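Hi,

Here is the structure I promised to pass on. Have a look at it first, and then read on for what turned up.

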Amino acid sequence: MVYVDPPAWPADGRLWSHLVSDVSYAELHAFAAGIGLPRRAFDRDHYDVPEERFATVVGHGARVVSSREIVIVLRRSGLRLPKHLAGARRQ
């Protein structure tokens with residue numbers, strides 16, 4: 001399953017969401033590619049999604065959860081990559 005939090009994170013003059021998987025990075029990358037998110041939007045263990053793409057993400061089946069739940073999903077799945085390992089991006 002793929003999850004997204006509501007756009008609430010400010011950067012570069014807009015709000016952003018986080019898109020994650022509870023299954024695998026392969027599932028996450030496939031979902032992102034299917035809706036046209038560029039691979040450069042992948043950050044350690046999630047995709048950053050600009051607010052104008054939020055409806056598309058949800059329309060393609062991502063489950064909307066709180067930002068707190070995003071972290072819980074990542075930790076439970078074993079896909080959480082701590083910031084200190086940011087240079088070791090998982091594929």
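A quick word on terms before anything else: a helix here is a DSSP run of H or I with at least four residues, and numbering starts from the N terminus. Also keep in mind that this is a predicted model.

With that in hand, Ala-55 belongs to helix α2, which covers residues 54-59. Its relative accessible area is 59%, and because the cut-off for exposed is over 50%, Ala-55 counts as exposed. In sequence Ala-55 is 49 residues away from Pro-6, yet the C-alpha atoms of the two are 9.9 Å apart in space.

Now to the rings. How many aromatic pairs are there? The count is two. Tyr-25 and Phe-42 make an edge-to-face pair, because their planes stand at 85°, with 5.9 Å between the ring centres. That pair bridges distant parts of the chain, 17 residues apart: Tyr-25 sits in helix α1 (residues 25-34) and Phe-42 in strand β4 (residues 42-43). Tyr-25 is buried at 8% relative accessibility, and Phe-42 is buried too, at 2%.

Phe-42 also pairs with Tyr-47, this time in a tilted arrangement, with 5.3 Å from centre to centre and 55° between the planes. Put together, the ring pairs join Tyr-25, Phe-42 and Tyr-47 into a cluster.

One last thing about Phe-42: Arg-39 lies over the face of its ring, 5.9 Å from the ring centre.

Cheers

Notes
Residues numbered from 1 in each chain as written. Predicted model: local features only at pLDDT ≥ 70, side-chain atom pairs only at ≥ 80, totals over all residues. Heavy atoms only, no water. Helix = DSSP H or I, 4+ residues; strand = E, 2+ residues; numbered from the N terminus. Buried < 20%, exposed > 50% of the residue type's maximum accessible area, 1.4 Å probe, protein only. Phe/Tyr/Trp six-rings, centres within 6.5 Å; stacked < 30°, edge-to-face > 60°. Lys NZ or Arg CZ within 6 Å of the ring centre and 35° of its normal.
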